[in-house]
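Biologist: I'm new to this one. Please walk me through it.

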Amino acid sequence: MQKQDIIKSFKDSLFTGLIALALFGPIVGLRTASKGEGLFITPQWGVVFLLVGLCILGRFLININSARRTEFKIFSTLSSKFSSITEDKAKHFAITGILFAVVFPFLPFTDRYFMDVAIMILTYIMLGWGLNIVVGLAGLLDLGYVAFYAVGAYSYALIATTFGWSFWICLPLAGLFAAFFGILLGFPVLRLRGDYLAIVTLGFGEIIRIILINWYEVTNGPDGITGIPRPSFFGLPFKRSPDEGEMSFHTFFGLEYSTMHRIIFLYYLILVLALITNYFTLKIRKLPVGRAWEALREDEIACKSLGVNPTNTKLTAFAIGAMFGGFAGSFFATRQAFISPESFTFIESAIIVAIVVLGGMGSQTGVVLASIFLIGITEIFRDLEQYRMIAFGGAMVLIMVFKPKGILANRKPTILMHGDKK
Amino acid sequence: MSNLLSVEKLTMKFGGLIAIDNLSFDAKKNQITSIIGPNGAGKTTVFNCLTGFYKPTTGQMYLHQADNKVSLRKYTDFKIAHVAKVARTFQNIRLFPAMSVLENLLVAQHNELMIASGYSLYGLLNLKSYRDKEQLAVNKAKYWLDIIGLTHRADDNAGDLPYGDQRKLEIVRAMCIEPKLLCLDEPAAGLNPKESAELNKLLKFIKTEKKTGILLIEHDMSVVMGISDHVVVLNYGKKIFEGTAEQTKKSKEVIEAYLGVDE
């Protein structure tokens, strides 16, 4: 390497250090601490110099490496790993993924915590798949998807607590309610596209949340709804001591009572619901309505010139996407047994949109990978408490750097004339 | 020969600007009618009125069918293509670039396929009646792809095709809705002479074999003069001449409109 290169990269890293100092100085360097009668500032210059030093060193190493035209090994392998995932390999991945998901609860290392995380990831996968219909296929950027999740959860909770109907009756009803709200949102936004649509849907999500907080008589306001019935296994409840003359799951099968039974049942429930969503999406994508969604995403004016009704096409996309959001919502309600408007804030919508976009718009397998990656990483870094969102942001940045179009961006045609050549 | 389309006293105003001024003309069945004129003469506005993208300020447009005539004013938006069967292409190509060539042609058959799939119900159940209908739609797409010689690229993305092929694909996509009237907005724009000649052949085929009337906006005079049966010349929204291609070439008004008047 030339001497002037080293000097140049050294200067560059000093400049990086300057920026780092400007950032870390006030954020890390000045820490407020409350002592007795007020707030005092405790400086932490040591930490600041450590961080700035690290930035300078890191930048210098990157500069030297790029000057040598060799990449960091870890970056290049990561990059090639990601780009080698194509839709063909995705099929094998899907099959092994489903098999793994089926045996997962019985693996030796699986404990209560793993099951909870797995259920959470599966819920997000299902929401991602549902939103994929609206965002990935129809190209309608919906930032208020959590509204349908909330409608599903509250419909389930209200119907189940008021009428005492079973989970399997309430679930489709909740889905229908959510679909109805999807159409309700769809009508005013028919003429909007892109940014304008995103802003209105964002507002819709907030409207639903604020209604849930303020409509105290029905939704119980910020206190939420408690005592939502748990799902039963074909009429067999998961209870330690069943009522007189009633069988519960463990007595019927002659098992020792364990709270894991219910968790495992919930796990399979969300797995089946998610797989139904996936199967439905894959099927409907190959039908005329699915092709019309994609055509609408590509060019709405061309669609009109071919006689495709954009109103109906958009409304079906909203309704079906919302319906799956509603199903996921009822699952959420029955799992938690308690819901409040707190659970349906904008950040949830943002995470679901992030999953769809990072997974690669319209890619079903991409949604799975992105959910595992994003939710998994935030779980791994749970010990860092509030800083774990940094890990979430870092994961998003990593995907965008290495796969700007999402993890799986290749689209496969819905119908082939010459068969599968590859 | 009987009329296919009659435009009667069509006027389109945008605020104070009169884009089309009291325009009347007829297009005959099984003929290619060209609308020419200098830039800004209002040609594309006529198309947008005909195909429901604009609602004309005044005037009528009729599409003649076997025994009655249909007012195109009644239909807006997608219904022009769906009900009145008037298809169009665009000055700047509007394909679905990320979808395959075959998918592009299937979207054009959306309405029939929607009914065949029982509004998705039969399709989800994978009934044979739907699969047969879908096969028919694929066959129709193949028929048109054979004509423009793009069958081997049916599974490629439409956006990956060369420019000339995209033009042809857009025309056959419009033909897939089985239109009575096909409106082409500058189909030869950006084509080389060889591609223009192929386009002429395709348009003549559509005219003679498919018995579809064609309304054509074009600047490329080799295309206009080569295939037009009838030419309408616009300038500043007014019709300044109407006649056959030969008559148009000799018309004093047309030459003046294009080249200006001697001082």
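Biologist: At what angle do helix 12 and helix 14 of chain A pack?

Modeller: About 105°, with the axes 10 Å apart. That is for helix 12 (residues 288-298) and helix 14 (residues 310-336) of chain A. Axes are lines fitted to C-alpha atoms, for helices over the stretch in contact, and angles run from 0 to 180 degrees between N-to-C directions. The helices themselves are DSSP runs of H or I, at least four residues long, while strands are runs of E with at least two; both are numbered from the N terminus.

Biologist: What does that make helix 12 and helix 14 of chain A to each other?

Modeller: Roughly perpendicular, therefore. That label covers 65 to 115 degrees; under 35 is roughly parallel, over 145 roughly antiparallel, and the rest oblique.

Biologist: Which residues make the contact?

Modeller: Helix 12 of chain A gives Val289(A), Ala292(A), Trp293(A) and Leu296(A). Helix 14 of chain A gives Pro310(A), Thr313(A), Lys314(A), Thr316(A) and Ala317(A). Contact means that two C-beta atoms, placed from the backbone, lie within 7 Å. By type, this contact of helix 12 with helix 14 of chain A has six nonpolar, two polar and one charged. Nonpolar takes in Ala, Val, Leu, Ile, Met, Phe, Trp, Tyr, Cys and Pro; charged is Asp, Glu, Lys and Arg; polar is the others, Gly among them.

Biologist: Before I go on, tell me about the model and the numbering.

Modeller: It is a predicted model: local features need pLDDT of at least 70, side-chain atom pairs count only at pLDDT 80 or more, and totals for chains, interfaces and linings use all residues. Residues are numbered from 1 along each chain as its sequence is written, and chains are lettered from A and ligands numbered from 1 in the order in which they are written.

Biologist: What does the secondary structure of chain A come to?

Modeller: Chain A has 17 helices and two strands. Its C-alpha trace spans about 85 × 70 × 45 Å along the principal axes. Of its 422 residues, 37% are buried. Buried means 20 or more other C-beta atoms within 10 Å of a residue's own, exposed means 12 or fewer, and partly exposed is in between, with C-beta atoms placed from the backbone.

Biologist: How do strand 1 and strand 2 of chain A pair?

Modeller: In the antiparallel sense, over six bridges. Pairing needs at least two DSSP bridges. Ala33(A) stands opposite Phe40(A).

Biologist: Now chain B. What is the order of the six strands in its open sheet?

Modeller: The order is 6-7-8-3-9-10, with mixed pairing. Strand 6 and strand 10 (238-243) of chain B stand at the edges with a single partner each, so one side of each has no neighbour in the sheet. The twist averages 20° from one strand to the next.

Biologist: How do strand 3 and strand 8 of chain B pair?

Modeller: In the parallel sense, over four bridges. One bridge joins Ile35(B) to Ile217(B) in strand 8 of chain B. Helix 8 of chain B lies across strand 3, strand 7 and strand 8, at about 150° to strand 8.

Biologist: How many residues of helix 7 of chain B are buried?

Modeller: 10 of 13, so call helix 7 of chain B mostly covered. Its buried residues pack against strand 6 (86-88), helix 3, helix 6, strand 7 (181-185) and helix 8 (193-209) of chain B.

Biologist: Where does Glu186(B) lie?

Modeller: In the loop between strand 7 and helix 8 of chain B. Its phi is positive, near 50°, though Glu186(B) is a residue other than glycine. Glu186(B) counts as buried, with 20 C-beta neighbours inside 10 Å.

Biologist: Last one: how many residues of chain B are in contact with chain A?

Modeller: 30 residues of chain B, with 27 residues of chain A. The chain B side divides into 16 nonpolar, eight polar and six charged.
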